[in-house]
Amino acid sequence: MAFLANPLSLSVPESAFESWLRDTGYLEILDQRTTDLHRQSTTPTTTPTTTTTTTAITNSATAAATAVSISNGVFVLIFLHIGTLLSLIKLNPFAKLNSDDFSCDTPSWTVKFVGSLDCYSFPLSSSQAKLRVHENVKRYARNYASLFVLFFACSLYQKLLALVGLISCLALWDLLKLCGDRWGLEQRPVFKQSLIRIAQCATAVILLCTNVPVALFSAIAVSYAVMILHASFRKLTPSKQSTSKDGNRRIDRS
């Protein structure tokens, strides 16, 4: 939403107003406000001109200058978008993530996580991209975790040897636990520690020989790329919120 001119707003600094929006939970307004300000700054202003007689040479020169200006503007816009995406490389998307974000219900995949085409737009600045990534990672943490499990399962399906190796490691540790309970290894801690060390070495050898780390790394890379792109392009939308007595929002991410 665009903010109209208000004399009272002259006493509130820009940075203080944005800080208030962040602290009170109106992040979707801050996101939309950044988009509106960028559109206003990039919209060319037109001034009335008098009608004069122009020649064909003047018209062609004006058209050529307009084409060059448009092409230069397109290249500048492309470089700005590339710079915004590159700024996400050094961003830590999990900076504001905590354990409470995984304890709530999973947001709807169709309505909230995917949404419609109107729910997506290119981040116009690195600060807007950072704001979207941090907030969307908190909101859709369970969705991104489910996507990682799905990508890892698909990676194991493509690499059957890795799947066999992972099942073999799980069976090895389950067998060790079963033997420990049957042989009473709790009474012989030295022998128990020796078996654990042998099982750890065997697990490492099995994982390396069956390319399980490769499957895990590919799943992490794909899921991380999907998470960054979705979180940066997904607009911030109001979540389930209630207003407290002081006027601030209490956010319920369920």
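Good morning, colleagues. The structure is a predicted model, in which local features need pLDDT of at least 70 and side-chain atom pairs count only at pLDDT 80 or more, while totals for chains, interfaces and linings use all residues. Residues are numbered from 1 along each chain as its sequence is written, and side-chain values use heavy atoms, with hydrogens and water left out.

I begin with helix α6. Helices here are DSSP runs of H or I with at least four residues, strands are runs of E with at least two, and both are numbered from the N terminus. Helix α6 covers residues 126-139, which is 14 residues, and its first and last C-alpha atoms are 20 Å apart, close to the expected 20 Å. That expected span is 1.5 Å times one less than the number of residues. Is α6 mostly covered or mostly open? It is mostly covered, with 11 of its 14 residues buried. Buried means under 20% relative accessible area, exposed means over 50%, and partly exposed lies in between, for a 1.4 Å probe and protein chains only. Among the buried residues of α6 are L131, V133, H134 and R139.

I turn to the annotation. An unreviewed UniProt entry lists residues 70-89, 147-173 and 214-233 as "transmembrane region". Its positions are given in the numbering used here, feature names are shortened, and annotations may be inferred rather than shown by experiment. In the model, residues 147-173 are 96% helix and 0% strand, with end C-alpha atoms 27 Å apart. Residues 214-233 are 100% helix and 0% strand, and their end C-alpha atoms lie 29 Å apart.

Next, the aromatic rings. How many aromatic pairs does the structure hold? There are five. Rings of Phe, Tyr and Trp (its six-membered ring) pair if their centres lie within 6.5 Å; planes under 30 degrees apart count as stacked, over 60 as edge-to-face and the rest as tilted.

F113 and Y140 have ring centres 5.6 Å apart and planes at 80 degrees, so this pair is edge-to-face. F113 lies in helix α5 (residues 109-114) and Y140 in the loop between α6 and α7, so the pair ties together parts 27 residues apart in sequence. Both residues are buried.

F148 and F152 have centres 6.2 Å apart and planes at 10 degrees, so they are stacked. F148 is partly exposed, at 27% relative accessible area, whereas F152 is buried, at 18%.

Finally, ring pairs link W109, F113, Y140 and Y144 into a cluster. Thank you.
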